[in-house]
Amino acid sequence: MGDLLAIENLKTYFDTEEGTVKAVDGVSLRVKQGQTVCIVGESGCGKSITAMSVMGLVEGPAGKVVGGRIEFDGQDLLPLSRHELRTIRGNDIAMIFQEPMSSLNPVLTIGEQMTEPLIEHLKMSRKAARARAIELIGQVGISRAEQIADSYPHELSGGMLQRIMIAIAISCGPKLLIADEPTTALDVTIQAQILDLLRQFKAESNMSILLITHDLGVVAEMADYVIVMYAGKVVEEGEVVELFANPKHPYTQGLLKSKPVINQRQNELYSIPGQVPNPLELTESCYFHDRCAHCMDICRTREPRLKNVTDESKVACWLYEEAVVHG
Amino acid sequence: MSTYLAKRLVYMVIILFAASLLIFCLYALTPGDFISGNIKLTPERKAELREIYGLNKPVLERYAVWMKNAFHGDLGFSLSQQKPVLTLFNQYIWNSFLLAVVSTFFTWLIAVIIGVIAAYKQYSWFDTLVMVAIFAAMSLPSFFIGLFLIKILAVDWKWLPPGGMLTTGSNATGLAYVKEVVHHMTLPVIVMTLLGVGSLTRYFRSNMIDVIKQDYIRTARAKGMKERKVLFTHALRNALLPAITLVGFELPALFGGSLIIEQIFNWPGIGQLYMQSFSLRDYPLLMGFTMLIAVLTVIGTLISDILYRVADPRVRL
């Protein structure tokens, strides 16, 4: 199976008044056909910006992709014109977002918003598009589809709206679905239903999913491959089972430790000490060094490279560099 | 919806009743009246005239008489013009309306288009240029722009007539009449549009900037919609919603005339008539005109509420 999406050394920077924020700084990742890849990390680590860079939706003029390659289905996306990119967006690459409540236009009906991409990309007639939209509403598990198509977003619950967002996303048969924290704003029972729905469509159509989340429970349930990001860089990646069983990077270990375990009551949940560094004040170092229990001198002055430690996992940490060196 | 409308209509009647009483008392309590300004009259003649016009009666009694007549569709007789108030309104208001409706149309059209583009290209050179131009247009007083344009366009270049609604002594009819009026109204319309367009453009620009940042605009883009469609179908409809409130205020403005512009361009509108009547204390005309504006204001707010219901599905009445 080849790579559907290959991101090489992506750099997306934002110019602010205080200086340049390197939101995504040299990220590389691959998504194979039919694979679910999860990007995990704290808020502000650059995971959403990575996704927005793929979509070509980074908010200009402050934000800009300044370097790297984004190859989708054998085609480099970055040099594409706005028009060419637009024909891929919503068609071959679809996206769903974190807040279903605010992600749909309040003054247009569900039906109008669902038919738009069908008319735009699949050149359907208005009537055919509406019939297809009603069919899709049924497919995402909402009854009274006709009536829902004529309602407005404020008349539906958050869970239903996220189902509608999924229906819109899959309507043109995308090869890649990017889901940016699709369950974060929903309550737990609804979360499970939404994830089931994503899995179901993935199984039916063999599409790939790039799932962005900070919820390790979601990762465990969905991912084939996991990418851990910290401060705009990939610090560890690997197969999901391996990563959960043998986390290498102290940050990944911390993340896994800070996850509550069912049936185990702890007085205090572990949390990684310290805070995410200010992106404006980063200098050459391991960006995690001042929160790391294993911090060494080299961590403060030199940046570790992402390297294979086993065949299926990579980590960017001096602890493992030394292991390699001293053998 | 219908219970809401019924309730609103009852409120409207109460508000208008209160407004009429307040307005009548204010005019009546202002020192002096139509008679006292005329120095040629003897005190005896003045008393006689006050008796004839009913100006010597108590305020509340005069109000009751006015109200009774108003209910019968009679707004009285203008003291200075010696014509029924309604006839005068009919003669002057439509002139003001013509200016207002054309300039309002251009003001909104230009403001929406420029506001949307400026918001879309926020901080670009176009946006900066627009903002500077808007501040310039807003800071210049209307009499200055008016007189300046008369000097340039009418006096120096002789492109447009400096004032009036028709050429003096003209008795054009049909299409020639229309052409003449259009020719005469161009200058006042330019000035009125120039004065109004600034604040409205800023309003649409800031609304649009807020809307463009919303999640649903990102969704529309993620669906691969054309940028034109994102802006005009998804964004503009939301950005126009708060402007519906302004529609309510535009209604009285359409009929209210413009004191300064009509004065500068010698336009035979209701604004000029109102100013004259004010200095002469022509109560029936003042009262009738102010009440007309009050009625239009109340109707305007009702219309804007109903429009909200039509335009925004989240609003329930």
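A residue counts as buried if 20 or more other C-beta atoms lie within 10 Å of its own. The model shown in these views is predicted.

**View 1. Both faces of strand β6 in chain A are covered.** On one side sit Ile93(A) and Met95(A), and both are buried. β6(A) runs parallel to β7(A), and four bridges join the two strands.

**View 2. Eight strands of chain A form an open sheet.** Their order is β6-β7-β8-β3-β9-β10-β12-β11, and the pairing is mixed. Why is one side of β6 and of β11 left without a neighbour in the sheet? Both strands, β6 (93-96) and β11 (307-310) of chain A, stand at the edges, and each has a single partner strand, so no neighbour lies on the remaining side. On average, neighbouring strands of this sheet are turned by 25 degrees against each other, direction ignored.

**View 3. Strands β11 and β12 of chain A pair in the antiparallel sense.** Three bridges link β11(A) to β12(A), which covers residues 313-315. Asn308(A) has Lys314(A) of β12(A) as its bridge partner.

**View 4. Helix α1 of chain A packs on the sheet.** This helix spans residues 47-55. The strands of chain A that α1 touches are β3 (36-40), β6, β7 (176-180), β8 (208-213) and β9 (225-230). The direction of α1 makes about 145 degrees with that of β7(A).

**View 5. Two domains of chain A meet.** Domain 1 takes in 3-92 + 172-326, and domain 2 takes in 104-171. Their C-alpha centres lie 30 Å apart. Each domain brings 14 residues to the contact. On the domain 1 side, helix α8 (residues 188-205) gives the most, with six residues. That side of domain 1 has eleven nonpolar, three polar and no charged residues.

**View 6. Chain A touches chain B.** Here 23 residues of chain A are in contact with 18 residues of chain B. Helices α2 (82-88), α3 (100-103) and α4 (110-121) of chain A each supply at least two residues to the chain A side. Which of the elements gives the largest share? That is α4(A), with four residues. By class, the chain A side divides into ten nonpolar, eight polar and five charged residues.

**View 7. Chain B carries an annotated stretch.** UniProt, in an unreviewed entry, places the feature "domain: ABC transmembrane type-1" at residues 93-304 of chain B. Over these residues, chain B is 81% helix and 0% strand. The end C-alpha atoms of the stretch are 23 Å apart.

Terms used
Residues are numbered from 1 along each chain as its sequence is written. Chains are lettered from A and ligands numbered from 1 in the order in which they are written. This is a predicted model: local features need pLDDT of at least 70, side-chain atom pairs count only at pLDDT 80 or more; totals for chains, interfaces and linings use all residues. Two strands pair if DSSP finds at least two bridges between them. Axes are lines fitted to C-alpha atoms, for helices over the stretch in contact, and angles run from 0 to 180 degrees between N-to-C directions. Two residues are in contact if their C-beta atoms, placed from the backbone, lie within 7 Å. Ala, Val, Leu, Ile, Met, Phe, Trp, Tyr, Cys and Pro count as nonpolar, Asp, Glu, Lys and Arg as charged, and the others, Gly among them, as polar. A residue is buried if 20 or more other C-beta atoms lie within 10 Å of its own, exposed if 12 or fewer, and partly exposed in between; C-beta atoms are placed from the backbone. UniProt positions are given in the numbering used here, feature names are shortened, and annotations may be inferred rather than shown by experiment. Domain bounds come from an automatic or database domain assignment.
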